[in-house]
Amino acid sequence: MVIPAPRLKFYRHIKALARLIDGSPDKVERLIKGLLHLWQQASYPHLAADRAPYGSSAFLAAQAAQDFATWLSEEPFNEAAYWLATAYAILVGAKLRTERALYFTPPRLADRLIDKLVEHGASLTTQHWHDPACGGAAFLVPIAQRMAAALALEGFPPRRQLDHIARHLSGNDLDPVLLEISRQFLRMALSDLLVIATGNLSLRLFKGDGLTSSAIEALQPDVLACNPPYRKLKTAEV
């Protein structure tokens with residue numbers, strides 16, 4: 001089996017980043033938010049905050065962090081988002097990754113699933129799409145991009161496109177860090193619209209278990225798009 005070159009580069013970056021956290025799960029969140037900040041500064045300066053996220057400054061000067069952020073800025077956006085979310089999943093450690101089934105859908109597979117949904121009648125311009133395990137926005141980002149493109153063909157100006165997406169796209173997840181990453185990924189994916197349109201992008205992302213959360217019942221979405229978080233159940237859970 002031949003491992004694709006981007007994945008080989010990714011693993012080399014992960015090995016270098018792991019040295020920065022010294023096996024400390026508490027440092028992972030700060031590192032990931034710092035990496036996202038560096039990436040936004042390089043590729044989306046209009047979206048980057050004036051200051052680095054709290055507690056992440058110590059990581060920003062590290063060569064490993066700068067190298068990884070530079071690599072992200074050179075990759076296609078959807079691929080880079082997948083790599084950053086996967087970096088978080090690996091760095092938090094095997095125990096938490098297994099417990100929360102932090103294994104994300106590669107962009108190519110997400111696109112194929114969305115293609116099939118549309119082929120079977122799901123509408124990107126009239127229906128509400130929801131991901132009950134939105135993780136690193138593996139589905140939310142390409143759905144938002146496709147919604148924007150479809151709405152533009154129907155003559156929607158940028159502000160109306162953003163407002164429509166805010167009303168017709170939602171997600172929930174157990175992990176608050178991944179929810180914040182997803183929020184930022186969506187802003188980055190729609191950055192061209194945000195540059196033109198005034199105001200911000202209101203997103204409905206909720207913290208909760210997709211199997212038990214009241215969000216789905218309250219939102220009444222038309223389409224559920226997700227890759228179920230497969231894992232072995234413990235005896236007590238069964």
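Analyst: Buried means under 20% relative accessible area, exposed over 50%, and partly exposed in between, with a 1.4 Å probe and protein chains only. The model is predicted: local features need pLDDT of at least 70, side-chain atom pairs need 80 or more, and totals for chains, interfaces and linings use all residues. Residues are numbered from 1 along each chain as its sequence is written, and side-chain values use heavy atoms, without hydrogens and water.

User: Why is His 13 called buried?

Analyst: Its relative accessible area is 17%. That is under 20%, so His 13 counts as buried. His 13 lies in helix H1, residues 5–21. Helices here are DSSP runs (H or I, at least four residues), numbered from the N terminus.

User: Which residues does His 13 touch?

Analyst: Asp 67, Phe 68 and Trp 71, leaving aside residues up to four places away in sequence. Touching means heavy atoms within 4.5 Å.

User: What makes the pair of Phe 10 and Tyr 11 tilted?

Analyst: Rings of Phe, Tyr and Trp (its six-membered ring) pair if their centres lie within 6.5 Å; planes under 30 degrees apart are stacked, over 60 edge-to-face, the rest tilted. Phe 10 and Tyr 11 have ring centres 5.6 Å apart and planes at 55°, so the pair is tilted. Phe 10 is buried at 0% relative accessible area, whereas Tyr 11 is partly exposed at 41%.

User: Why is the pair of Phe 77 and Phe 185 classed as edge-to-face?

Analyst: The planes stand at 90°, over the 60 degree limit, so the pair is edge-to-face. The centres are 6.4 Å apart. Phe 77 lies in helix H5 (residues 77–91) and Phe 185 in helix H10 (residues 176–189), so the pair ties together parts 108 residues apart in sequence. Phe 77 is buried at 13%, and Phe 185 is buried at 0%.

User: How many aromatic pairs does the structure hold, and which residues do ring pairs link into a cluster?

Analyst: The structure holds ten aromatic pairs. Ring pairs link Phe 10, Tyr 11, Phe 68, Trp 71, Tyr 82 and Trp 83 into a cluster.

User: How do you know that H8 and H9 are oblique to each other?

Analyst: The axes of H8 (residues 140–153) and H9 (residues 158–168) come within 10 Å and cross at roughly 135°. Under 35 degrees is roughly parallel, over 145 roughly antiparallel, 65 to 115 roughly perpendicular, and the rest oblique. H8 and H9 are therefore oblique.

User: Which residues of H8 and H9 meet?

Analyst: Ala 144, Met 147, Ala 148, Leu 151 and Ala 152 in H8 meet Gln 161, His 164, Ile 165 and His 168 in H9.

Note on methods. Axes fitted to C-alpha atoms, helices over the stretch in contact; angles between N-to-C directions. Helix = DSSP H or I, 4+ residues; strand = E, 2+ residues; numbered from the N terminus.
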